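Subject: Structure for your review

Dear colleague,

Please find below the sequence and structure that I am handing over to you.

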Amino acid sequence: MRFPYEYSGCIHVHSRYSDGSGSIKTIAEAAIDRGLDFVIVTDHDTLKGKKFEGYYGSCLLLVGEEISPLRNHALALNAKSHIPHHFRERAQGYIDLARAQGGIVFITHPFGESRFNLLFHKVRIHRWEDWEAEGFSGMEIWSYMIDWIRDVHIRNLASAIRDPDAFVKGPGRETLRQWDLIGRRRRCSGLGSLDVHAKNLIPFVPLIQVFPYREMFDTIRTHVLLKEEFRREKESDAALIYDALKEGRCFIANHRIGKPAGFKFYLEAGSDSFPMGSEITSISGRKADLVVGMYDEATIRLMRSGDLIELVKGKELHHCVQTPGVYRVEVFKEGKPWIFSNPIYVRE
Ligand SMILES: [Zn+2]
Ligand SMILES: [Zn+2]
């Protein structure tokens, strides 16, 4: 195994520096309490929290920003300084700007955020519209808040707040379709995220405060696979995490369903093994097998370019690759969406 070390963390957390309710310290304490290896705070259009980056206990807290114009929100991670933009600006400008600063960019809530307005009507805002833009590294595939609110209406609001997990149905169909489509052209890393604010559900109405950080950190996490262990040194460990996210060497799991213990998905060709995120071109003539495994029994779905090609109930799946395609894995436990891998791209 070339990438034997696995760490998990939460991405897309808002603090008081934008519209979240907690200080960086509160977020760090919650992250330590829930045993996160890392947490990435991304406030709207500011890097004010960056001075607090570093290790808190055993958790590495990193700070990026959520570039938030009218449409086309994106996470800029690892950029050296704040990325300015105009309210109505198209995405390409700030993607280029972020990359010029060493940043990596991920589309956030590609199909918009559903919100309640003051009349309790649901509206969808901040969709990604610049699909022709290039240079982003990937996109959020499964976001707890975006998923949760999708089927919430004023009629079921009370039960949705009482039992939020019952409303979490997995990544949106249109998001997965778009992800698979981009994957046919080029690598597009999928991230799990929270978009947690620990704040008001309805703008300016402080009565309904939902989703404390602590509880959210036990839901959707992104697991990164690394070739070396953390040194507990901010710069080098951050670089390892950002590399894995950029290269799609990661997978998403909802920890409320269970810890994804032992989960692996890789391609084996001769004595070589290729992790998630790999793009492989020279498969012809070689025997190549996709391997999926985990410690718990679950329903494993192997997808190729958006189509289900194998389904197994058990702890492992083997598939001999004969056709190029974008291969990825979805795992369900007792019917509930649990683990989503990044793809392995087998090219012509
Ligand atoms: Zn947003
Ligand atoms: Zn956000």
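**A glycine between two strands**

Gly306 sits in the loop that joins strand S18 (288-304) to strand S19 (307-320); helices (H or I, at least four residues) and strands (E, at least two) are DSSP runs, numbered from the N terminus. The model is a predicted one, in which local features need pLDDT of at least 70 and side-chain atom pairs count only at pLDDT 80 or more, while totals for chains, interfaces and linings use all residues. Residues are numbered from 1 along each chain as its sequence is written, and chains are lettered from A and ligands numbered from 1 in the order in which they are written.

Because 16 other C-beta atoms lie within 10 Å of Gly306, this residue counts as partly exposed. The classes are as follows: a residue is buried if 20 or more other C-beta atoms lie within 10 Å of its own, exposed if 12 or fewer, and partly exposed in between, with C-beta atoms placed from the backbone. Leaving aside neighbours within four places in sequence, Gly306 is in contact with Arg177 and Asp180; a contact requires C-beta atoms, placed from the backbone, within 7 Å. Arg328 is 22 residues from Gly306 along the chain, and the two C-alpha atoms are separated by 8.6 Å.

**Overall form**

The protein has seven helices and 22 strands. The C-alpha trace spans about 60 × 45 × 40 Å along the principal axes. Of the 348 residues, 43% count as buried. Among contacts with a separation of 6 or more, 65% are between residues 24 or more positions apart.

The protein is divided into domain 1 (5-254) and domain 2 (264-346), with bounds that come from an automatic or database domain assignment. The C-alpha centres of domain 1 and domain 2 lie 26 Å apart. The contact takes 21 residues from domain 1 and 15 residues from domain 2. On the side of domain 1 that touches domain 2, the elements giving two or more residues are S9, H5, S10 and strand S14 (250-254). The largest share of that side, five residues, comes from S14. By class, the side of domain 1 that touches domain 2 has eight nonpolar, six polar and seven charged residues. Here Ala, Val, Leu, Ile, Met, Phe, Trp, Tyr, Cys and Pro count as nonpolar, Asp, Glu, Lys and Arg as charged, and the others, Gly among them, as polar.

**Helix H5**

Helix H5 (residues 173-185) has 13 residues, which at 1.5 Å a residue should span 18 Å; its end C-alpha atoms are 19 Å apart, which agrees. The expected span is 1.5 Å times one less than the number of residues. Thr175, Gln178, Trp179 and Gly183 are buried in H5. These residues lie on the same side of H5, because they cover an arc of only 140 degrees around the axis; the arc is that of the directions from the helix axis to the C-beta atoms. What covers the buried residues of H5 includes strand S9 (138-143), strand S10 (189-193), strand S20 (325-333) and strand S22 (344-346). On the other side of H5, Arg173, Glu174, Arg177 and Arg185 are exposed.

**Helix H2**

Gly93 lies in helix H2 (residues 91-100) and counts as partly exposed, with 16 C-beta neighbours inside 10 Å. In H2, the residues Ala91, Tyr94, Ile95 and Ala98 are buried. Seen down the axis of H2, the buried residues fall within an arc of 110 degrees, so they line one face of the helix. They pack against strand S4 (59-67), strand S5 (74-77) and strand S6 (104-107). Just after H2, Gly102 takes a positive phi of about 80 degrees.

Most residues other than glycine have a negative phi. His12, found in strand S1 (residues 5-13), has a positive phi near 75 degrees. His12 counts as buried, with 28 C-beta neighbours inside 10 Å. Asp195 has a positive phi of about 55 degrees although it is not a glycine. Asp195 lies in the loop between S10 and strand S11 (200-202) and is buried, with 25 other C-beta atoms within 10 Å.

With kind regards

Definitions and conventions
Two residues are in contact if their C-beta atoms, placed from the backbone, lie within 7 Å.
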